[in-house]
Amino acid sequence: MAILDKNTFFDINKLPAEKGLLLFGLSMNKLDNRQNAQNCLEDIRIFSPKKITKPLIGLNFIYSDFLYLYSNKSAPELKQSFMSQVINHKNSIQKTLAKNHIEFQIQHAFNYLVWNQLYVGTTDFSEKFDSVKKIYSNDSLFQKYVNEDCEVYGRVMEDNQINFFLEEFLMCYLASKGQIKLPNEYIENQQKWVLFCYPGRPLKGMIYLYNLNPFRLNWDENPYQNAHYDLESKKLIDFNNIDLDTYSVK
């Protein structure tokens, strides 16, 4: 088998023929533009039907609302804004899917989660988050990559931003390793694999955490436990095939 060059990525031909979940991470600042209902529909079409071997796949939309509380804005202001955004976006997606029910006949395969639900899907998220923060505070290379992530997106490297990134990285890592219960009526927590999907490449800090694997987690059944699907380039980003010093987030 040929050895791939570092930072070379390809599309997925077919998804596994076993029960699994696609996880669409939704950024609150993209719900009205790149991740609106129509664009989410087009992203779903990347996989269905051409990449689906058997009708054994569910899709969970994950709203990152609570993650955005790492902010200097008041909590009541953010709550009201996010509540309206999530409700309106979910309703728009459901209406869009219903209009296309011939194409997407298994309507209950689509599920909607807010960030808080991920906490209760774990047993010890707070402890693990504290551990990751301690690792970060003592790991200059980790700090370097997070700083580069901030620079790429024009973010100020302050406590709120660092905590935002670290929590996001950890939550994705735990889900990819099968450590979070992900409710989906169609799959009923019987998934053998999950795949995170997002319009854009994963950040360097996230890849570093996955490769560091601080809690020595392994989900052999999941071929995507160290990967991310970029909905923009339509390529699977394999974290095992990345040189972070030459890898480009954008």
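Which residues of the largest nonpolar core touch the most other members?

1. **The core.** This is a predicted model. Its largest nonpolar core holds 80 residues. Leu-22, Phe-47, Phe-61 and Leu-195 touch the most other members. Helix α6, residues 159-176, gives the most to this core: eleven residues.

2. **Phe-47.** Leave aside residues up to four places away in sequence. Phe-47 then touches Leu-15, Leu-22, Phe-24, Ile-52, Leu-195, Cys-197, Tyr-229 and Leu-231.

3. Six strands form an open sheet. The order is β3-β2-β1-β4-β5-β6, and the pairing is mixed. β3 (110-114) and β6 (235-238) stand at the edges. Each has a single partner strand, so one side of each is left without a neighbour in the sheet. From one strand to the next, the twist averages 30°.

4. **Strand β1.** β1 spans residues 20-26, and seven of its seven residues are buried. Both faces are covered. Gly-20, Leu-22, Phe-24 and Leu-26 lie on one side. Leu-21, Leu-23 and Gly-25 lie on the other.

5. **Partners of β1.** On one flank, β1 pairs with β2 (residues 57-63) in the parallel sense, over seven bridges. Gly-25 stands opposite Ile-62 in β2. The chain gets from β1 to β2 through helix α1 (residues 37-47), and this β-α-β crossover is right-handed. β1 also runs parallel to β4 (residues 193-198), joined by five bridges. Here Leu-21 stands opposite Val-194.

6. **Strands β4 and β5.** β4 and β5 (residues 227-230) run parallel, with two bridges between them. Cys-197 has Tyr-229 of β5 as its bridge partner. Both residues are also on the contact list of Phe-47. The helices on the sheet come next.

7. **Helices on the sheet.** α1 lies across β1, β2, β3, β4 and β5 and runs at about 150° to β1. Helix α2 (residues 75-99) packs on the sheet too, touching β1, β2 and β3. The direction of α2 makes about 175° with that of β3.

8. **Inside β5.** Which way do the side chains of β5 point? Ala-227 and Tyr-229 point one way, while His-228 and Asp-230 point the other way. Tyr-198 stands opposite Asp-230. From β4 the chain crosses through helix α7 (residues 204-212) to β5, and this β-α-β crossover is right-handed.

9. **The β5-β6 hairpin.** β5 and β6 run antiparallel, joined by four bridges. In β6, Lys-235 is the bridge partner of Asp-230. The two strands form a hairpin with four residues between them. Lys-234, in the turn, has a positive phi of about 60°.

10. **Helices α5 and α6.** How do the axes of these two helices cross? The axes of α5 (residues 140-152) and α6 come within 11 Å and cross at roughly 105°. Angles of 65 to 115 degrees count as roughly perpendicular, so α5 is roughly perpendicular to α6. From α5, the contact uses Phe-142, Val-146, Asp-149 and Cys-150. From α6, it uses Gln-161, Phe-165, Leu-166 and Phe-169. α6 is also the helix that gives the most to the core.

Conventions. Residues are numbered from 1 along each chain as its sequence is written. This is a predicted model: local features need pLDDT of at least 70, side-chain atom pairs count only at pLDDT 80 or more; totals for chains, interfaces and linings use all residues. Side-chain values use heavy atoms; hydrogens and water are left out. A nonpolar core is a set of buried Ala, Val, Leu, Ile, Met, Phe, Trp, Tyr and Cys residues joined through side-chain atoms within 4.5 Å. Buried means under 20% relative accessible area, exposed over 50%, partly exposed in between (1.4 Å probe, protein chains only). Contact means heavy atoms within 4.5 Å. Two strands pair if DSSP finds at least two bridges between them. A crossover is right-handed if, with the strands pointing away from the viewer, the path from the first strand over the helix to the second runs clockwise. Axes are lines fitted to C-alpha atoms, for helices over the stretch in contact, and angles run from 0 to 180 degrees between N-to-C directions. Angles under 35 degrees count as roughly parallel, over 145 as roughly antiparallel, 65 to 115 as roughly perpendicular and the rest as oblique.
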